[in-house]
Amino acid sequence: MSERIYKTMKRTGGFSIALGIVAVAAGLTIGIGSILSGAALLRRKSEITF
């Protein structure tokens, strides 16, 4: 019985680590994209009219 619990905990832990890595990668990608978009807007600030 206790072996089943440890196997379940092992799978859950592995899944949590994998999900955390995916979340960090997505956050970095979105952050870098936002910085690049902001830099492009600042570069063309003089062309923007309202």
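The structure is a predicted model, in which local features need pLDDT of at least 70, side-chain atom pairs count only at pLDDT 80 or more, and totals for chains, interfaces and linings use all residues. Residues are numbered from 1 along each chain as its sequence is written, and side-chain values use heavy atoms, with hydrogens and water left out.

**Overall dimensions and surface**
- Along the principal axes, the C-alpha atoms of the chain fill a box of roughly 70 × 15 × 5 Å.
- The accessible surface of the chain is about 4,800 Å², and carbon and sulfur atoms account for 71% of this surface; areas come from the Shrake-Rupley method with a 1.4 Å probe, and for residues only the protein chains shown count as cover.
- Of the 50 residues of the chain, 0% count as buried, a class defined as under 20% relative accessible area, with exposed over 50% and partly exposed in between (1.4 Å probe, protein chains only).

**Helix α1**
- Helix α1 covers residues 2–43, 42 residues in total, and reaches 61 Å from its first C-alpha to its last, close to the 62 Å expected at 1.5 Å a residue; the expected span is 1.5 Å times one less than the number of residues.
- The number of buried residues among the 42 of α1 is zero, so the helix lies largely in the open.
- L19 lies in α1 and is partly exposed, at 48% relative accessibility.
- L19 and S46 are 27 residues apart in sequence, with 42 Å between their C-alpha atoms.
- A25 also belongs to α1 and is partly exposed, at 40% relative accessibility.
- A25 and L42 are 17 residues apart in sequence and 26 Å apart in space, C-alpha to C-alpha.

- M1 is in the segment before α1 and is exposed, with a relative accessible area of 80%.
- T49 is in the segment after α1 and is exposed, with a relative accessible area of 69%.
- The C-alpha atoms of T49 and G31 are separated by 26 Å, and these residues are 18 apart along the chain.

Methods
Helix = DSSP H or I, 4+ residues; strand = E, 2+ residues; numbered from the N terminus.
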